[in-house]
Amino acid sequence: MIEDKALLGEYLSECEELLDSLLADLDAVAGQTHDAKAAAQKTVVNLINRVFRTVHSLKGLCGMMDLIDVRTSAHEFEDLLDDLRLGKLSLDPEMARTLKEAGAGLAALVSGAARGLAADEDFVKFHELLAGIAARRRARTRAEAEGPRLLGFSREERKLLTEYEEHRIDMNLEADRSFYALTVKLRADEIDSRYRVMTAAIEDLGELLTTLPALGQGKGFVGFKIIFATQLKQTEVKRAVEQFNGKLERLQPSPWRLAGRALKTVSRIQKKAESAPEDAASKAEPRGTAQLEEDSLHPLLTSVRVELSQIEELSGLAHQLSVESKRFSAMADRLIENSACTVADQFDLKQVSRRIERDFLDIEERLIGLRMVSLAQTFTRAAHLAGKLARELGKAVSVELSGRSTLLDKMIVDAVADPIHHILRNAIDHGVEPANLRRLSGKPARAKVQLEARIEGTNAIISISDDGRGIDLNEVYRRAVEIGAISPDQTLGEQEMLRLIFRPGFSTAGAVSAVSGRGVGLDAVERKMHELGGRIKVFSEKGKGTRFELSVPTTLQMISAFIVRSGDCRYALNVGQIVELSYLEPHHVNGSRKIQWQDSLIPLAPLAELLGIEAGGHPKGNGQRVPAFIGSVSEKRIAVTVEKFEGQREIIVKSLGALGRRFAGVAGAVDLEGGDVALVLDLAGLVEATGITL
Amino acid sequence: MTAEKPGRGFRLGLIPSTGGHSGLRDDKPGLVSFVVFGVGSQSFAVDVNNTEGVVDCPGVAPLPRPPAGIVGVASVRGRITVVFDLSFQDRKPAAQGSRLILIRGDAQIGLLADRIDSIVGLKPDKVKRLSKKRAPLNELADSYLIQHRRQVPIIAVDRLTTLGA
């Protein structure tokens, strides 16, 4: 266990990125194994390579953190992946599925061990999985790789090739692909950028097999010989690589003289490489096994990690500058009107001030963009969890994902993970029927659970649906009466009945199982949605299935807000919480606690009362109509009177810091012009704190 | 002593000391520096190391049903600051504070002050434990210093985050 919290945070953060990549790649491997096309096979080879490097990096990271058991486990997994790369293990859909499980198992070990939560049985389970894979290992049919010899690689050069590179050359020979050597020279200071571009282009053509050094390129230059295999015609290859100004040679699978001469210089190469400057030598060093090890210890990502709070601070500053730049523009306009400067100067001043304003807005938006992450990790983990649960419960379930690339604020993605897991657990445990019952009701034995995400306006809609037994409304009604949520003679519509499942203490499950019903109900899920300024809906049909729909804002920071005034202060409300704006007649407002809206009677309250600031009744309109908005809280409505509507605008919501969670009904604050600050209200929280029953 | 407008606050370490203490700085060996400030008739002190600066208090937006001691939030240097008013301790009306002492850390706290009295430097042994008899203050402070023959409670800033919870 890592005691140092800062270190733990750093470790988990790095691991998270690696695990994210690992699980996504293993998913992709599973998706590609059914496809026998050459392109898919090439993708699988690249994916397995990347998975191998990721596991290697994870192993290194665990070693650095002294998590020896996990390092050993990662090492064993890495060995099996290496066998897979070398063709000692064959990859079929079953193997791909097991690899996915092993990936998820390693993920659990990595994060669990750091927190001191990994149990012995977790390690045992993981090793059993690996043992299952290892049992399928077969001996290689060929004692020694023949490809490099056939292609005319010298003995010294063959010594430089890794086992994996030899194996790939053989595989490409078997696939009857053409081999090429592209010799290029690069200035030492452009190696990193140019080499990356070249290898990316070659990977588009086919498979990059190895990179060897090439000599005689002149002082200050480093030469490379990139060996690759492709199915493309020579003219196409020529056209694709001519941009690199290199020398392209075709290597024939025979002791071809030219190829032999080109590749028969290893001893001279080594001598020259040893005498080359250190940095150039390190770039030019042949990729033997040791070099592969070093390469794979390099970080997989070129990005840098930044604490969310730092982005938040920068966003705050950018917003401040944006507000100031608007003032500057207004000042510039006034100056232009009153000054005697030339028309050209006036034009310039106007242009510059507008550009500054636009640029600051752009910075502000880009900073918000930096906080956005995809739902991929959450969805992938949820799918793993669902698959695991289904197996534990002996149920056959297919989990389908869509919309994984939907981008949301990092904080929202983190916050929706638990609600998604909760609903998924319920779906698998209670929603999905056992296979025999499904067959009896004419359904396929394998149930389908779908996890989807899409953007609607400023909100993301995440839906979790199953084709299980659906919610039994009679049972819901019975349970609601039992816990006193409704009276026995109360008549409810279908949607009202369904919403009863969000009442605290509500559960129709007969018994608390190991999977669901752990005391945390859907009321907690709904509360979390409210905290995020979102909502939850449920649709269900008995015997057909259930769908939960979570709607959350895509960003906590920038929202469309409606500004209202109450007392001396202004307040901002997420427009998603406002259903309608209205002006009420004074006689409808005075002394009333309810108001007719559409077909129902809904509660009516002054905003000041919800805020607990005063209980002085509704704002006085001096005989005029009183502004009021119809707010939405969990599908219910409330009319709230205010003193004035000030209009809608996009705002940056700022956090109230560590104390923020102590203020019920407040989601944050926003800077307004003139140095004012307005609270961003959470209507559901305010209603709850006031004790109004909707 | 002067304080700057929001957004142009200064570092307390650079303030020349007043009130009869000459050159008492946080970095002077063996001395601990405190900002002594007044809220109504009561004086308080806070360790200079726990502060980020003093600014003129901008407009405060009141919070709904705030916990005791908290009056609202203000925007200081683009950061939302939770404003504490310590006058509730002696049941006097909320301070009409013109200064806000910004507390260092992630909690985003500012202490309203009617006046900044001085910056004092003391040897650690001059800081005394607060008697349990001063129970109302124990929620905020665990020690005090003596200034003008009066006990001045030293605010324990970590207790601010749990005040009234």
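Student: What makes strand S8 (residues 109-113) of chain B count as mostly covered?

Tutor: This is a predicted model, in which local features need pLDDT of at least 70 and side-chain atom pairs count only at pLDDT 80 or more, while totals for chains, interfaces and linings use all residues; side-chain values use heavy atoms, without hydrogens and water. Residues are numbered from 1 along each chain as its sequence is written, and chains are lettered from A and ligands numbered from 1 in the order in which they are written. Buried means under 20% relative accessible area, exposed over 50%, and partly exposed in between (1.4 Å probe, protein chains only). In strand S8 of chain B, 5 of its 5 residues are buried. A strand here is a DSSP run of E with at least two residues, and a helix is a run of H or I with at least four, both numbered from the N terminus.

Student: Which residues show that both faces of S8(B) are covered?

Tutor: In a regular strand the side chains alternate between the two faces of the sheet. On one side of S8(B) lie B:Ile109, B:Leu111 and B:Ala113, on the other B:Gly110 and B:Leu112, and all are buried.

Student: How do you know that strand S7 (residues 99-103) of chain B is paired with S8(B)?

Tutor: Two strands pair if DSSP finds at least two bridges between them. S7(B) and S8(B) are joined by 5 bridges and run antiparallel, with B:Leu102 opposite B:Gly110. Strand S6 (residues 79-84) of chain B also meets the criterion: 3 bridges join S6(B) to S8(B), and these strands run parallel. Here B:Val82 stands opposite B:Ile109.

Student: What is B:Leu111 in contact with, beyond its neighbours within four places in sequence?

Tutor: Contact means heavy atoms within 4.5 Å. The partners of B:Leu111 include B:Phe37, B:Phe84, B:Ile101 and B:Leu160.

Student: Why is B:Arg65 called partly exposed?

Tutor: Its relative accessibility is 36%, so B:Arg65 counts as partly exposed. B:Arg65 lies in the loop between strands S4 (61-62) and S5 (70-76) of chain B, and has a positive phi of about 40° although it is not a glycine.

Student: Why is B:Arg149 called exposed?

Tutor: B:Arg149 has a relative accessible area of 83% and is therefore exposed. The loop between strands S11 (141-147) and S12 (150-155) of chain B holds B:Arg149, whose phi is near 65°, a positive value in a residue other than glycine.
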